[in-house]
Amino acid sequence: MILARAVQATRRYGDLIALDRADLDLHAGELVGLLGPNGAGKSTLLNLLVGLRRTSSGRVELLGGDPRDPASRRQIGVTPQETGLPPTLRVGEVVDFVSAHYPDPVPRAELLGRFGIDDLARRQTGGLSGGQKRRLAVALAFVGRPRLVFLDEPTTGLDVTARRELWDGIRQFHADGGTVLLSSHYLEEIEALAHRVVVLGRGRVLADDSVSAIRDLVGVRRVSLVAAELPALPGVRGVERIDGVTHLLTTDADQLVRDLVGAGVPFSGLEIRPTSLEDAFLAITNDAAPEAVQTGPQSGAVQSEARLTQPADV
Ligand SMILES: Nc1ncnc2c1ncn2[C@@H]1O[C@H](COP(=O)(O)OP(=O)(O)OP(=O)(O)O)[C@@H](O)[C@H]1O
């Protein structure tokens, strides 16, 4: 059963295309990570799905209806990227206030306990640390026993312990049958929580796959060198030649260098660049000129990805 869906969802802000024909199906019981660098369109997609923004073209569905319909929204929980909490209210009062909007809210102590903040119930929110506020904001998404929860970078600003406590709360909700879509910059976070990951870059869905498949893609290294001619080398997943420099994309740079030396190929200027998640996806997409991103076919990203999986043709 599909609980949330985007079909060719596009959102423009003036000339800027924040989201470019994004497709996404979120099934009941899934915990899906939305991953991408700054400005990739993660918040935009979440905001469309929860009815905070409208699509410029394409469509979104929430629980089979319009996300702007209050009946659909009552069944979801949301933690936006930034939350304002009334500074003079105590944590317990904020929970009670939000609880009052739902027919069968999670009891206050249970909710706060789940997210490791039960000792804060009597504190005014204005005096909480950034991390404590963040945990409260995330906990509030769960108060109405939602079917589906949307979390926009839930653990930003949290220390390691707080992050793990929050992950436990999210996992428990999922283990009880809840559905989650959460955005993150951190591959580690997605790996810890999600089985499926949707990668966004420059407004496009670049990949939608299992975490392990994406990890393989992210594990790509760029080995750059200057060489007149190169033999076919095992393990090379893509080749680019730019300004006389050959860039070999591989998941095992050490082996590739051993193979190069073993083949007796003369080369110079060897560089191996480890790619962070962000680098990897920027590298995949950076051939797309900005104007192509604004008007080009969505398959551009898929082509880039396919290029990485082509066998070496050197
Ligand atoms: N209200 C707005 N007005 C104008 N541009 C916007 C607005 N909201 C988002 N954008 C732009 O749309 C693009 C996508 O932004 P979005 O916030 O969805 O990215 P993101 O992936 O969530 O980024 P981050 O990881 O930095 O939060 C960005 O270029 C951003 O500047």
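**Exercise 1. Which strands does helix α9 lie across, and at about what angle does it run to β10?**

Step 1. Helix α9 (residues 253-262) lies across β10 (221-226), β11, β12 and β13. Helices (H or I, at least four residues) and strands (E, at least two) are DSSP runs, numbered from the N terminus.

Step 2. Relative to β10, α9 runs at about 25°. Axes here are lines fitted to C-alpha atoms, for helices over the stretch in contact, with angles from 0 to 180 degrees between N-to-C directions; contact means C-beta atoms, placed from the backbone, within 7 Å.

Before going on, two notes. This is a predicted model: local features need pLDDT of at least 70, side-chain atom pairs count only at pLDDT 80 or more, and totals for chains, interfaces and linings use all residues. Residues are numbered from 1 along each chain as its sequence is written.

**Exercise 2. Work out the order of the four-strand open sheet and find its edges.**

Step 1. The order reads β11-β12-β10-β13, with antiparallel pairing. Two strands pair if DSSP finds at least two bridges between them.

Step 2. At the edges sit β11 (236-242) and β13 (268-273), each pairing on one side only.

Step 3. From one strand to the next, the twist averages 20°.

Step 4. Now zoom in on one pair: β11 and β12 (residues 245-250) run antiparallel over six bridges. There, V239 stands opposite L248 in β12.

**Exercise 3. Is V205 buried or exposed, and what does it touch?**

Step 1. Find V205 in strand β9.

Step 2. V205 has 25 other C-beta atoms within 10 Å, so it is buried. The cut-offs are 20 or more such atoms for buried, 12 or fewer for exposed, and partly exposed in between, with C-beta atoms placed from the backbone.

Step 3. Skipping residues up to four places away in sequence, V205 touches A22, D23, L24, V198 and L200.

**Exercise 4. Why does helix α5 count as largely enclosed?**

Step 1. Eight of the eleven residues of α5 (residues 130-140) are buried, so the rest of the structure largely encloses this helix.

Step 2. Those buried residues are K133, R134, R135, L136, A137, V138, A139 and L140.

Step 3. The cover includes β5 (76-79), α3 (91-99), α4 (108-114), β6 (148-152) and α6 (160-175). A139, leaving aside neighbours within four places in sequence, is in contact with L111, L112, R114, F115 and I117.

**Exercise 5. Which residues of the largest nonpolar core touch the most other members?**

Step 1. A nonpolar core is a set of buried Ala, Val, Leu, Ile, Met, Phe, Trp, Tyr and Cys residues joined through C-beta atoms within 7 Å.

Step 2. The largest core has 63 residues, and L45, L49, A139, V149, F150 and L181 touch the most other members. Its largest share, six residues, comes from β2.

Step 3. A second, separate core of eight residues includes L233, V236, L248 and L249.

**Exercise 6. What surrounds the ligand?**

Step 1. The shell holds Y13, L16, A18, G36, N38, G39, A40, G41, K42, S43, T44 and Q81.

Step 2. β2 (16-27) and α1 (42-49) are the elements giving two or more residues, and α1 supplies the largest share, three residues.

Note on methods:
Near = placed C-beta within 6 Å. Contact = placed C-beta atoms within 7 Å.
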